[in-house]
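Please look over the structure below together with its sequence.

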Amino acid sequence: FLWSTMPDQELLDLAADGTLRDRRVRSEQVQRMLNHPDSSRFVEQFAEQWLKLKNMDSVAVQRELYPDFDERLRADMRGETIAYLRHLIEGNLTVDKLLQSDFTMLNGRLARHYGIVGVTGESFRRVELSADHHRGGLLGQASFLLANSTGADSHAIRRAVWIRDRLLLDPPAPPPPDVPSLEESTPNFHELSVRQQLEVHRQKPACASCHRNLDAWGIALESYDATGRWRDEVRRIREGKMITLPVESTGELPGGIVLTGAGALREHLVAAHQHQAARSLVTRLLAYALGRQVERADEAAIEELSGRLAQKKLGIRDLINELVFSDPFNTK
């Protein structure tokens, strides 16, 4: 679970003489393993699996729109998210930091991409954020924003589905097989903002019910372009010409909840969905630890750990320790 490899001699010896069953000893071993360099494999592999970071690799960035983008920057985007998760674990920080925070992990190149000054060098370090940086939490990170884009522009639906699935453990139903494409719905389709395009899409009866519960999650992030930069206008290339459109980042969730931009989305997630985020983390982490999908028999452990995590009675490092003592882990 924590090293992605065989136990070392110390663990084997403690298991052989039964000492590893002692709670104090096992907790000490969890901390030793998390402090060991080999735990980097756990952090990287879990981040890839949970957050679907590999989706970044399949996005071909349109160089005409993003001439400064290169593969080193793509690697830095992945590096920020992995370093961020590692920092949350090392510092035993609380689950709300996945949703909203006043810091992130940057190196010089990614900081320049974000327009944040004063960061140099290749290594990632904690950087404090102000409101005008428009960052904080996973939703301000370019790995997520690029992975859920077209490479030319943002993709509100992909971003919304990722939030519902990965962050809230509430994936929307897949579209019906005959759903009409979100393309060329009107003659001037490419001259419409994403919000306007989705309004056209919702006029189709087969699409309306799903999109009413989905669109606003992604529209709130329209101020981030395909590569995760903050923008004041949307740029598109149409028939060889550059066109610009205003950013429209206001959407409405069911129940009349209006989200105006990324900041409002993060605040709403912290206020209303912290337990769902905790449950998502616990469920994904338990599945990773067990090497299988979670089952009905795991539900009691998931609910108990999720509640304590959401109430901030556990930090994320505490969660890892408690998971090792859970019934599913001890009967796997």
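F42 counts as buried, because its relative accessibility is 1%, where buried means under 20% relative accessible area, exposed over 50% and partly exposed in between, with a 1.4 Å probe and protein chains only. F1, by contrast, counts as partly exposed at 23% relative accessibility. This is a predicted model, in which local features need pLDDT of at least 70 and side-chain atom pairs count only at pLDDT 80 or more, while totals for chains, interfaces and linings use all residues. Residues are numbered from 1 along each chain as its sequence is written, and side-chain values use heavy atoms, with hydrogens and water left out.

**Aromatic pairs**

- The whole structure holds 10 aromatic pairs, meaning rings of Phe, Tyr and Trp (its six-membered ring) whose centres lie within 6.5 Å, with planes under 30 degrees apart called stacked, over 60 edge-to-face and the rest tilted.
- F1 and F42 make an edge-to-face pair, 5.3 Å centre to centre with 70° between the planes.
- Because F1 lies in the segment before α1 (9-16) and F42 in helix α3 (residues 39-51), this pair ties together parts that are 41 residues apart in sequence; helices here are DSSP runs of H or I with at least four residues, numbered from the N terminus.
- F144 and W162 form a tilted pair, 4.5 Å centre to centre with 40° between the planes.
- F144 is buried at 4% relative accessibility, and W162 is buried at 6%.
- Ring pairs also link F1, F42, F46, W50, Y288 and F329 into a cluster.

**Charges over rings**

- R23 lies over the face of F325, 4.0 Å from the ring centre; a charge counts as over a ring if NZ of Lys or CZ of Arg is within 6 Å of the ring centre and within 35 degrees of the ring normal.
- The charged end of R126 sits over the ring of F103, at 3.9 Å from its centre.

**Nonpolar cores**

- The largest nonpolar core has 65 residues, of which F42, I163, L265 and L281 touch the most other members; such a core is a set of buried Ala, Val, Leu, Ile, Met, Phe, Trp, Tyr and Cys residues joined through side-chain atoms within 4.5 Å.
- Helix α12 (residues 274-290) gives the most to this core, with 9 residues.
- A second, separate core of 21 residues includes F69, A111, A142 and L146.

**A buried charge**

- E80 is found in helix α4 (residues 71-90).
- E80 is buried yet has no salt bridge, and R135, the nearest side chain of opposite charge, is 6.5 Å away; a salt bridge needs a side-chain nitrogen of Lys or Arg within 4 Å of a carboxyl oxygen of Asp or Glu.

Terms used. Helices (H or I, at least four residues) and strands (E, at least two) are DSSP runs, numbered from the N terminus. Lys and Arg count as positive and Asp and Glu as negative; His and the chain ends are not counted.
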